[in-house]
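I opened this entry to look up how the parts of the chain are arranged and what lies between them. My notes follow in the order in which I looked things up.

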Amino acid sequence: MIAPALLAWHARHGRHDLPWQQDRSAYRVWVSEVMLQQTQVATVIPYFLRFLARFPDLRSLAEAPTDEVLHLWSGLGYYARARNLQRAAQQVVAEHGGMFPTRFPDVEALPGIGRSTAGAILAISTGQRHAIVDGNVRRVLARLFGIDGRPGERAFEHHLWQVAERETPVEQVATYTQAIMDLGATLCTRRNPNCLQCPLSPACVARATGRQQELPASRKALKRRQREVVMLLAHREDGSVWLAKRPSTGIWGGLWSPPEFANHAAAETLLPGAADGLQLPAVEHAFTHFDLRILPLLAAIPDGWAPAAGGVGEASDGLWYNPRHPARVGLPAPVASLLAALPDIIEAQE
Ligand code: SF4
């Protein structure tokens, strides 16, 4: 049993002052777990605080405009998480009267919540006994018990879940869950595990056999694709730029960005003369499976130009975004940086 050593370590060295550990509720734990799914604690904290200040409870999240939710998620990435969070909040209002469910199947049935996240929410917020296998826990258990295999492989995942179920204690489940996540995040890190300080080192197979760097094996490397798009920054005299709302599926779903085109010539279909605009330096952005190269093309609009006429969509799918007085909408991180730099670029042109 690893629980006694982990609990003793956590009492002395674990993290006890994270914002979601204060006023602990299922809602706060849920929001934090979703934010932490692909993102580190230090990055999440300011986002969590802003999000909770605006949406202090589940009902306020369910009733908010989606643009507002995505606005507060801007820069955190993996935006499907934010859309699912709001859909789940709406589902909880519709099906559970606004009370976050406490039965595991009900929690796991919510959008964006898998087995591990459901277990973590219930274990931490209610003390129910549920195992978790998130990225940190997967690494700790694979090393500790010398479990070979790649993340995502059925036999490997099955083995990990068996071990996680077995090791989860009956009592102090909330603290144990927090402790094993903390150990993975602070000591048993991917590149430099600090085995000297680790309370589990006497029992650790990876440490005894010098296999810390091999376990767990990396996910199968996917061949990365490259994509290039022209983003048309069509601007008015006052510096406002035309943004279009992206479809809710696909990259940056539901966020706002300048219209995209395959090349300069295609940009002319929306704004005649656009190809003669100013080509700004390319912006590179890495997604999980591909690299995106954005070629920003800056062009002033002529008098009387109407975006809807150019085929980008209905006028309601677009807005004039003034970087000096930004609207509260969700922007992809590279677009936000690009727009923030625009007033100076436009000014320099004049
Ligand atoms: S001894 Fe090292 S490899 Fe093993 S669990 Fe602790 S930090 Fe990880």
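I began with the spacing, and between the centres of domain 1 and domain 2, taken over C-alpha atoms, I noted a separation of 36 Å. The model I am reading is a predicted one, and in it domain 1 covers 3-209 while domain 2 covers 225-349.

Next I looked up the contacts, and I found that 10 residues of domain 1 are in contact with 15 residues of domain 2. For the area buried between domain 1 and domain 2 I wrote down about 950 Å², with carbon and sulfur atoms giving 45% of that area.

I turned to the charged pairs, and the count between domain 1 and domain 2 came to 2 salt bridges. I also looked up Asp67 again, and its side chain meets that of Lys245 in a salt bridge, at 3.5 Å from N to O.

For polar contacts across the interface of domain 1 and domain 2, I recorded 8 residue pairs, both residues of each being at pLDDT 80 or more. On the side of domain 1 that touches domain 2, I saw that helix H5 (residues 66-73) gives the largest share, with 5 residues. Sorting the residues of that side of domain 1 by kind, I listed 4 as nonpolar, 3 as polar and 3 as charged.

Notes:
Residues numbered from 1 in each chain as written. Predicted model: local features only at pLDDT ≥ 70, side-chain atom pairs only at ≥ 80, totals over all residues. Heavy atoms only, no water. Domains from an automatic or database assignment. Contact = heavy atoms within 4.5 Å. Buried area = accessible area lost by both parts, 1.4 Å probe. Salt bridge = Lys/Arg side-chain N within 4 Å of Asp/Glu carboxyl O. Polar contact = N/O pair within 3.5 Å; in protein donor to acceptor, adjacent residues only side chain to side chain. Helix = DSSP H or I, 4+ residues; strand = E, 2+ residues; numbered from the N terminus. Nonpolar A, V, L, I, M, F, W, Y, C, P; charged D, E, K, R; others polar.
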